[in-house]
Amino acid sequence: MITKIFHNKFVKFLFVGGLNTLFGYSLFALFIFAGVHYTFASLFSTILGILFNFKTTGTLVFNNKKNSLFVKFIIVYGVIYLVNVSLLKLLSLYIANVYISGAIILLPLAILSYVLNKKFVF
């Protein structure tokens with residue numbers, strides 16, 4: 001039973017996405033803590049996250065090791081970045097703490113990422 005659950009791509013995505021999210025958000029928070037503006041903190045954490053996420057998502061979730069898909073993956077994460085910065089800007093109108101704003105948008109961005117990766121990349 002448990003083995004079947006872990007063979008489900010969406011469940012795998014949730015676990016790998018949790019790892020990727022922890023990695024990306026930790027970088028984002030580190031850059032914010034270092035005094036980097038949220039737009040650049042998001043950009044830098046996204047770039048580093050792309051490299052990490054491509055391998056973990058492709059290999060562990062979609063069972064795909066094709067490096068030729070990297071350009072599509074970058075495009076998807078470009079979209080994710082634009083949505084991320086837009087949501088951070090929107091939330092900054094209502095919430096002064098960018099750490100909280102970043103945490104609030106984690107789940108919607110994770111869902112968007114799964115859908116775009118499944119449909120357009122892997």
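A residue counts as buried when its relative accessible area is under 20%. The legends below apply this term to close-up views of a predicted model.

**View 1. Thr-46 in helix α3.** Thr-46 belongs to helix α3. Its relative accessible area is 13%, so Thr-46 is buried. Apart from neighbours within four places in sequence, Thr-46 has contacts with Tyr-77 and Tyr-81.

View 2. Helix α4 comprises 23 residues, numbered 70-92. At 1.5 Å a residue, a helix of this kind should span 33 Å; the C-alpha atoms at its ends lie 32 Å apart, which agrees.

**View 3. The aromatic pair of Phe-62 and Tyr-114.** Rings are counted as a pair if their centres lie within 6.5 Å, and by this rule the count comes to twelve aromatic pairs. In one of them, the ring centres of Phe-62 and Tyr-114 are 6.2 Å apart and the ring planes meet at 20°. Planes under 30 degrees apart count as stacked, so the pair of Phe-62 and Tyr-114 is stacked. The pair joins distant parts of the chain: Phe-62 lies in the loop between α3 and α4, whereas Tyr-114 lies in helix α6, 52 residues apart. Phe-62 has a relative accessibility of 8% and therefore counts as buried. Tyr-114 is buried as well, with a relative accessible area of 9%.

**View 4. The cluster of aromatic rings.** Ring pairs connect Phe-13, Phe-54, Phe-62, Phe-70, Phe-73, Tyr-77, Tyr-114 and Phe-122 into a cluster.

**View 5. The crossing of helices α2 and α6.** Two packed helices are described by the angle between their axes and the distance between the axes. The axes of α2 and α6 come within 11 Å and cross at roughly 130°. This angle makes α2 oblique to α6. The crossing of α2 and α6 is right-handed. Which residues make the contact between the two helices? On α2 they are Lys-9, Phe-10, Phe-13, Thr-21 and Tyr-25; on α6 they are Leu-106, Ala-110, Ser-113 and Tyr-114.

How values were computed. Residues numbered from 1 in each chain as written. Predicted model: local features only at pLDDT ≥ 70, side-chain atom pairs only at ≥ 80, totals over all residues. Heavy atoms only, no water. Helix = DSSP H or I, 4+ residues; strand = E, 2+ residues; numbered from the N terminus. Expected span 1.5 Å × (residues − 1). Phe/Tyr/Trp six-rings, centres within 6.5 Å; stacked < 30°, edge-to-face > 60°. Buried < 20%, exposed > 50% of the residue type's maximum accessible area, 1.4 Å probe, protein only. Axes fitted to C-alpha atoms, helices over the stretch in contact; angles between N-to-C directions. Parallel < 35°, antiparallel > 145°, perpendicular 65-115°, else oblique. Left-handed = near helix turned anticlockwise from the far one by under 90°. Contact = heavy atoms within 4.5 Å.
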